[in-house]
Amino acid sequence: MSNAQSPLSVADLAVVKALAPKLKAHGAAVTENFYGRLFAAHPELNHMFNRGNQASGTQHHALAETIFAHAAHVEDLSALAPVVDRIAHKHRSIGVSPELYPVVGKHLLAAMKEVLSLADDDPVLEAWPKAYDELAKVFIQAEGQLQAHNVQQYGWEGFSEFRVSRMRRETPEVISIWLSPLQKDVKIVYQGGQYVSVKLPQVDAGFDQIRQYSVSDWDSDKQQIRISVKTESHGRVSPVVHMLEEGNVLALSAPQGMFTLNPNASAHNFIAAGVGITPIISMLKQAVLEYGVAAENLRVIQCSRTPVYQALTAELRDFCQAHGIALKQVYERGNQGDHEGVLNKALLGQWLDVNKADIYYCGPGGFMAAINRQLTALGISEDRQHCETFGATTALQAA
């Protein structure tokens with residue numbers, strides 16, 4: 001995103017900036033009102049948006065974060081580049097089109113007017129649509145570039161059909177599914193750490209549902225990708241995924257996501273907890289098999305509750321042993337690994353290359369918040385830390 005100044009007038013900028021504190025205080029109420037309006041007017045959008053996130057409120061809070069950040073940085077949208085990029089990848093993976101932006105703008109403005117009790121002549125009602133239109137242009141441009149990249153790089157855009165070619169149970173909660181494209185022009189070209197969207201028809205109150213799953217392995221020669229999915233007791237989709245059988249056909253989006261290896265880093269260290277191993281193991285394999293990163297520049301830490309719930313552990317251990325990569329395994333309960341309990345600053349300082357490596361971590365929100373605090377305390381700057389949050393928000397939430 002360029003560092004272009006906003007084309008809004010000085011007066012409009014002042015109005016939108018002054019709105020930021022109200023959005024910070026009442027943003028979740030605004031977005032809850034907004035989604036109620038949106039789905040009442042366009043129930044077909046339930047086929048696109050995650051109904052689980054709607055029910056839990058996480059989608060409301062994620063949108064609230066975005067509109068507050070927009071108001072706070074309206075004079076220079078380049079400050080929103082990380083947020084825009086992440087959301088653009090997610091939008092592209094679920095099929096958001098440019099035509100949706102005016103619809104969203106209309107209902108968002110109506111929600112703001114009602115929740116914030118804005119009078120009919122309030123200057124926000126004139127200034128905010130202008131600001132929103134500028135942000136919409138940024139998203140549309142970013143998503144258009146991703147769409148063109150998907151067509152060129154992968155041979156498909158939107159959703160394409162894949163057949164389940166093999167399944168394997170990894171733990172009591174996690175299964176791996178290998179998928180092969182039905183279209184001959186689809187190319188399996190992939191950046192370690194990215195995800196695909198899986199669309200399942202009519203699985204929630206008659207609506208299609210889309211979920212993102214990290215690609216845990218891929219084979220460009222055999223034209224296969226693998227996802228490894230944890231079933232959630234409260235989940236609306238993951239239990240259905242676990243009931244799939246070989247030969248079933250799924251609709252998949254092209255790979256998206258920004259949780260990928262930093263090409264400028266001289267060393268890469270990885271930390272995974274639970275199902276967070278799924279993007280981590282693909283990043284590790286790509287570092288070795290495609291980029292030729294030397295073993296001394298790679299280190300891996302895998303964490304789980306007990307050995308029984310540690311997914312892909314044998315595969316990870318075999319790969320690290322074959323390539324001479326340092327691997328540490330941590331169990332909250334069980335002394336079969338290198339540490340029993342939870343990771344702490346002392347262990348991270350001992351096991352990681354804190355002087356030069358980029359650190360990639362993925363797992364539950366509380367785990368990642370703790371890792372972020374500990375890495376920061378070790379002097380590892382934010383630009384050397386890379387994490388993947390599952391769900392609608394980018395915030396690292398403490399447990």
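**View 1. Strands β7 and β11 run side by side.** Strand β7 (residues 268-273) pairs with strand β11 (residues 358-362) in the parallel sense, over five bridges. Strands here are DSSP runs of E with at least two residues, helices are runs of H or I with at least four, and both are numbered from the N terminus. Two strands pair if DSSP finds at least two bridges between them. Look for His 268, which stands opposite Asp 358 in β11. A word on what you are seeing: this is a predicted model, in which local features need pLDDT of at least 70, side-chain atom pairs count only at pLDDT 80 or more, and totals for chains, interfaces and linings use all residues. Residues are numbered from 1 along each chain as its sequence is written, and side-chain values use heavy atoms, with hydrogens and water left out.

View 2. Six strands form an open sheet in the order β10-β9-β8-β7-β11-β12, with parallel pairing. At the edges stand β10 (339-340) and β12 (385-388), each with a single partner strand, so one side of each has no neighbour in the sheet. Helix α9 (residues 313-323) packs on the sheet and touches β8 (298-304) and β9 (326-331), its direction making about 155° with that of β9. Helix α11 (residues 365-377) also packs on the sheet, touching β7, β8, β11 and β12, and its direction makes about 160° with that of β11. Contact means heavy atoms within 4.5 Å; angles run from 0 to 180 degrees between N-to-C directions, with axes fitted to C-alpha atoms, for helices over the stretch in contact.

**View 3. Helix α4 against helix α6.** Helix α4 (residues 81-94) and helix α6 (residues 124-154) pack at about 55°, with their axes 9 Å apart. That makes α4 oblique to α6 (angles under 35 degrees count as roughly parallel, over 145 as roughly antiparallel, 65 to 115 as roughly perpendicular and the rest as oblique). Among the residues that meet are Val 84, Ile 87 and His 91 in α4, and Leu 135, Phe 139 and Glu 143 in α6.

**View 4. His 91 in helix α4.** His 91 lies in α4 and, at 18% relative accessibility, counts as buried (under 20% relative accessible area; exposed is over 50%, partly exposed in between, with a 1.4 Å probe and protein chains only). Beyond its neighbours within four places in sequence, His 91 is in contact with Val 96, Tyr 101 and Glu 143.

View 5. Ala 295 sits in the loop between α8 (277-289) and β8, and is partly exposed at 22% relative accessible area. Not counting residues up to four places away in sequence, Ala 295 touches His 323, Gly 324 and Ile 325.
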